[in-house]
Amino acid sequence: MSWKSEDLWQKARLYFCRAYAVTREDPLFPLWSSLALEMLARASVAKIHPVLLADPQQGENILHACGFPSPTAPKSVPVKTVFHRLKVVLPGFTEDDFKFCTALMEMRNAELHSGDLPFDKYPAVKWFPQLCCVAKMLTEFCGKSLVDLLGADEARAAEEMIKGIKEKLHGEVARMVKVSGDAYKALPPEEKAARAKEAIPRFIEAMDWKSKRCKCPSCGESGILHGEVVKTLEAKATKDGIEEQSVIMPRSFKCIVCGLTLPTVQHLLIANMADHFTVGTIADPKDYYGIEFDPSDYYEEDYGND
Amino acid sequence: MKEAIQEAIGNDGWWIGKYTGPLMQLAQLLGEPVPARIDGPLLDKLVVRQPSEAHRNSLSSRYGTGAFPLHTDGAHHAVVPKYVILRMTSERESSRGTVLMDFRNSLDPHQAGVLSHEPWIVRTGRRAFLSSILDGKSLRFDFDIMVPALPGSARAPGIVRAVAASARSTVLKWTQHLTVIIDNHRVVHGRESVTPELLETEERQLERILVREDELEI
């Protein structure tokens, strides 16, 4: 059983060929496309190393991934785990991409394992453009192009769809920023001052260690970027304690003053607010290593003149 | 010598000359020799055989003493060897030529696009895997082991037939020590047939080494 990235990518290409061999309205189109997406996701993870596809419950699976023979049929991780791992290994693969992909996989499972017909009358416009975006990202991660994956004609059409999604979102972000900005400018000065004053305690309450203060593109006041941990760097011992740094990817933005909300990573990317940032924490070595001791065990008995 | 060989290969797709030194040394100049068969020798001795004398799964078992169709050597390998080195060891000149065809350079961009994209199933005996005929910089071409993965809609077979009918080719006539180095990622080769009369007195032994390029693309 091959878990090699190249073999999986070739399978993805074959399945896309089968999808394109039917009309967009045919239920086989989303079915083959979803199978292709799974192959592409597995190919991307396997590009790091095939062992990332091995079900860790049995050691034989890991040995198989490393090229050793297995006495039993090797088992790989479920597709949802594959998409989880993509969030870690592929910086551009966001939570929104994860949700989209797993939703499509659930429909695929319903199609294959139940009496339901989830792909019947399922318009391609609802899912295909986003699948093209994800497919482009994954195939490029595998060192190939959309042309390699889909052929010249279909790749050209896919690029048009990807461009269309980006243009639609650009317009949406620009409109959101303008609407909030215009509404804020129209406020009387006393209202603006009151909002700024109220914002301070609300700000403190809303912040957590994975968030950061950021200038609002609408009103210019301070808003909050909420993020999620992408990576934790190796802990270092410093004179103050054990320092741990975490790389945070912004996921959403909220301005407490004017109310502008940019809810997804894609919105943040367009607003130029998606740069990852690093947060450092210092921990007491005793707490970091989970050491339990009674300090009094290390003290001499109290002195007395007796 | 390496530069002269690479220049000739760059221009024509092959280098032809007389070489009497150790063939393995020539091969190592170009890259890493690899066996044609798993657990096989690095240097093969190729003779014309009847099907009954040939390896069960081979061109000889299929075509016997007749012509071999155009192909690339090592199309069943995961990484197709870059060079094929052949040298005639028999003393007597052979009437059975080897056809060399500059396949890849004969393709127009549309044809190259189709051959780069359409998936084929490659059946090696032990396993099957998917590939396209043009695979990055490589060429995988052997229709005894490759079939279109989507036979109903495949355009590649028609393109291959059209190109094979018009591509630049030459026929190599073998004399002792004549050596050819073929760019196996660009040129396909095949074997001519001979008349029954010539077959009776045929003595034709070639040495062959397959060479993988030094820099592997993984």
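Which residue of strand E6(A) stands opposite Ile248(A)? In this predicted model, the residue opposite Ile248(A) is Phe277(A).

Strand E4(A) covers residues 241–255, and eleven of its 15 residues are buried, so the strand is largely enclosed by the rest of the structure.

| Partner of E4(A) | Residues | Sense | Bridges |
|---|---|---|---|
| E3(A) | 236–238 | antiparallel | three |
| E5(A) | 261–262 | antiparallel | two |
| E6(A) | 277–283 | antiparallel | seven |

With E3(A), strand E4(A) forms a hairpin that has two residues between the strands. Thr238(A) is placed opposite Gly241(A) of E4(A).

Thr261(A) in E5(A) is the bridge partner of Lys254(A).

**Helix H4**

Helix H4(A) spans residues 79–89, and its buried residues are Val79(A), Val82(A), Phe83(A) and Leu86(A). Viewed down the helix axis, the buried residues of H4(A) fall within an arc of 95 degrees, and therefore line one face of the helix. These buried residues pack against three helices of chain A: H2 (28–48), H5 (95–113) and H6 (128–141).

Definitions and conventions: Residues numbered from 1 in each chain as written. Chains lettered and ligands numbered in written order. Predicted model: local features only at pLDDT ≥ 70, side-chain atom pairs only at ≥ 80, totals over all residues. Heavy atoms only, no water. Buried < 20%, exposed > 50% of the residue type's maximum accessible area, 1.4 Å probe, protein only. Helix = DSSP H or I, 4+ residues; strand = E, 2+ residues; numbered from the N terminus. Arc of directions from axis to C-beta. Contact = heavy atoms within 4.5 Å. Pairing = 2+ DSSP bridges.
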